[in-house]
Amino acid sequence: MYRDARYIITGLVIFVGLMTFPFWSNAGRAAPAPAPNLDTPAIRQLPAKQCIEATQYMRAYHMQLLNDWRTQVVRDGKEIYVASDGKQYTMSLENTCFQCHSNKAEFCDQCHTYAGVEPDCWSCHIEPKENK
Amino acid sequence: METSRRNFLKLGGAWALGLAILPAVKGFAANNPEHLVNPKAMAGKRWGLVIDMQKCWPRYQAGCRRCFDTCRREHNIPDIGNKKEEIKWIWTEPYGDAFPDQQHELMAEDIKNNPFIVLCNHCDKPPCVRVCPTRATFKRQDGIVMIDYHRCIGCRYCMAACPYGARSFNFRDPRPYIKELNPAYPTREKGVVEKCTLCVERIDTGLPPACVEVCPAKAITFGDLEDPSSEARQLLKNRYTIQRKPELGTHPSIYYIV
């Protein structure tokens with residue numbers, strides 16, 4: 001009885017080892033958190049280096065904001081975004097966002113690669129020239 | 001506290017009420033950003049064009065392609081150089097193809113043989129909108145028939161429904177076929193249907209469509225068809241005009257003076 005225990009236990013150890021391979025092989029080698037570079041000509045000109053909403057909000061919710069802009073502009077024909085500080089902006093990726101954030105590789109790709117997300121915005125929206 | 005059946009039900013009721021009004025509370029509490037229409041935007045109920053072919057022909061035959069070229073440049077329309085994969089927003093058709101049910105064998109030669117400028121008709125009853133399963137194509141409040149490329153799944157029902165052949169399908173990535181990229185306007189991608197949008201991006205910022213603006217002969221007139229005092233309506237009132245395939249009941253918003 002239970003003569004196969006060693007085979008089963010060996011098998012289980014190998015199985016658990018393989019399953020947890022990604023965890024222990026990457027242990028202690030944390031990828032550095034991205035630090036997007038804000039140094040673009042347009043941003044250098046700005047007196048206050050503040051995006052259209054608070055940095056923390058933009059970091060967490062820029063995708064919701066962009067999705068919302070998309071709906072407002074394409075479906076409802078609304079063009080102007082009133083930020084929470086009352087300033088007005090034209091809702092446009094090309095003509096508003098990219099005017100300041102002209103360094104897509106630095107500003108967008110770095111975080112998107114880190115987070116493992118691949119937004120397909122760029123297949124239609126034209127990225128700023130500096131990256132070509 | 002002893003939990004009786006009665007207390008349990010009371011508590012449950014309170015919970016359910018709380019959950020029910022939660023969305024409303026959130027709505028009041030959240031800082032909802034506002035979205036406004038551009039104050040310069042043109043307001044209209046049903047935008048349309050009146051194209052005076054008598055003004056267009058002398059120049060068109062002499063080589064004026066200003067409306068096509070401007071449209072192509074403004075909207076990043078690719079030139080694939082292959083009739084089957086051609087992307088067209090504004091182009092020409094001979095009379096017989098543009099107006100198949102309004103011709104006869106003794107038609108005046110100059111009308112029969114001359115090219116007619118055609119584009120999306122922005123129909124009042126657009127069949128493309130009715131058949132789109134994802135509502136990617138839709139009619140705006142101002143009568144413009146739009147495509148939302150974010151939602152287009154490329155099923156091409158709209159192409160089958162359009163009796164004017166006004167839509168093109170992107171069989172391949174158009175980027176390499178765009179001669180000069182306009183960085184202010186997006187391109188399309190492989191697998192979506194596109195067509196003339198009557199320059200909504202210009203109308204929403206207070207400018208007339210690009211083809212109207214650049215025509216050196218002023219052959220294209222833009223206006224609100226619901227507004228009796230608009231320039232377009234004045235032309236419709238004073239001149240004899242025809243529409244493409246009126247018998248289909250799609251009520252095109254593009255009129256022709258021949």
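How many residues of chain A are in contact with how many residues of chain B? Here 23 residues of chain A touch 30 residues of chain B, contact meaning heavy atoms within 4.5 Å. This is a predicted model, where local features need pLDDT of at least 70, side-chain atom pairs count only at pLDDT 80 or more, and totals for chains, interfaces and linings use all residues. Residues are numbered from 1 along each chain as its sequence is written, chains are lettered from A and ligands numbered from 1 in the order in which they are written, and side-chain values use heavy atoms, with hydrogens and water left out.

**View 1. The interface between chain A and chain B.** Together the two chains bury about 2300 Å², 53% of it on carbon and sulfur atoms. (Buried area is the accessible area, with a 1.4 Å probe, that two parts lose on being put together, summed over both.) Arg75(A), Cys124(A) and Ile126(A) supply 27% of what chain A buries against chain B, more than any other three residues. There are also 13 residue pairs in polar contact between the chains, both residues being at pLDDT 80 or more. A polar contact is a pair of N or O atoms within 3.5 Å; within protein, one must be able to donate a hydrogen and the other to accept it, and residues adjacent in sequence count only if both atoms are side-chain atoms. On the chain A side, helix H4 (55-75), strand S1 (80-82) and helix H5 (93-100) each supply at least two of the residues that touch chain B. H4(A) gives the most, with six residues. Helices (H or I, at least four residues) and strands (E, at least two) are DSSP runs, numbered from the N terminus.

View 2. Two salt bridges link chain A and chain B, a salt bridge being a side-chain nitrogen of Lys or Arg within 4 Å of a carboxyl oxygen of Asp or Glu. Zoom in on Arg70(A) and Asp148(B), which form a salt bridge with their closest N and O atoms 2.9 Å apart. (Two strands pair if DSSP finds at least two bridges between them.) Look for Ile80(A), whose bridge partner in S1(B) is Leu36(B).

View 3. Asp204(B) sits in the loop between helix H8 (200-203) and helix H9 (210-214) of chain B. Is Asp204(B) buried or exposed? With a relative accessible area of 7%, Asp204(B) is buried; buried means under 20%, exposed over 50% and partly exposed in between, using a 1.4 Å probe and protein chains only. The Asp204(B) side chain makes a polar contact with the side chain of Arg140(B), at 3.0 Å. Leaving aside neighbours within four places in sequence, Asp204(B) is in contact with Gly77(A) and Glu79(A) from chain A, plus Asn38(B), Ala41(B) and Arg140(B).

**View 4. Salt bridges within each chain.** Over all chains the count is 15 salt bridges. In chain A, the side chains of Asp109(A) and Lys104(A) meet at 3.3 Å, N to O. Asp109(A) is partly exposed at 24%, while Lys104(A) is buried at 8%. In chain B, Glu74(B) and Arg202(B) meet in a salt bridge at 3.4 Å, N to O. Glu74(B) lies in helix H3 (residues 66-74) of chain B and Arg202(B) in helix H8 of chain B, so this pair ties together parts 128 residues apart in sequence. Glu74(B) is partly exposed at 24% and Arg202(B) is buried at 8%.

View 5. An open sheet of four strands runs in the order S9-S2-S11-S10 (chain B), with mixed pairing. S9 and S10 of chain B are the edge strands, each pairing on one side only. S10(B) and S11(B) pair in the antiparallel sense over two bridges, and Ile242(B) stands opposite Tyr256(B) in S11(B). Now for the loops: Lys218(B) is between H9 and strand S9 (220-224) of chain B, and its phi is near 50°, a positive value in a residue other than glycine. Lys245(B) is between strand S10 (241-242) and strand S11 (254-257) of chain B, with a positive phi near 45°. Lys218(B) is exposed at 54% relative accessibility, whereas Lys245(B) is buried at 17%.
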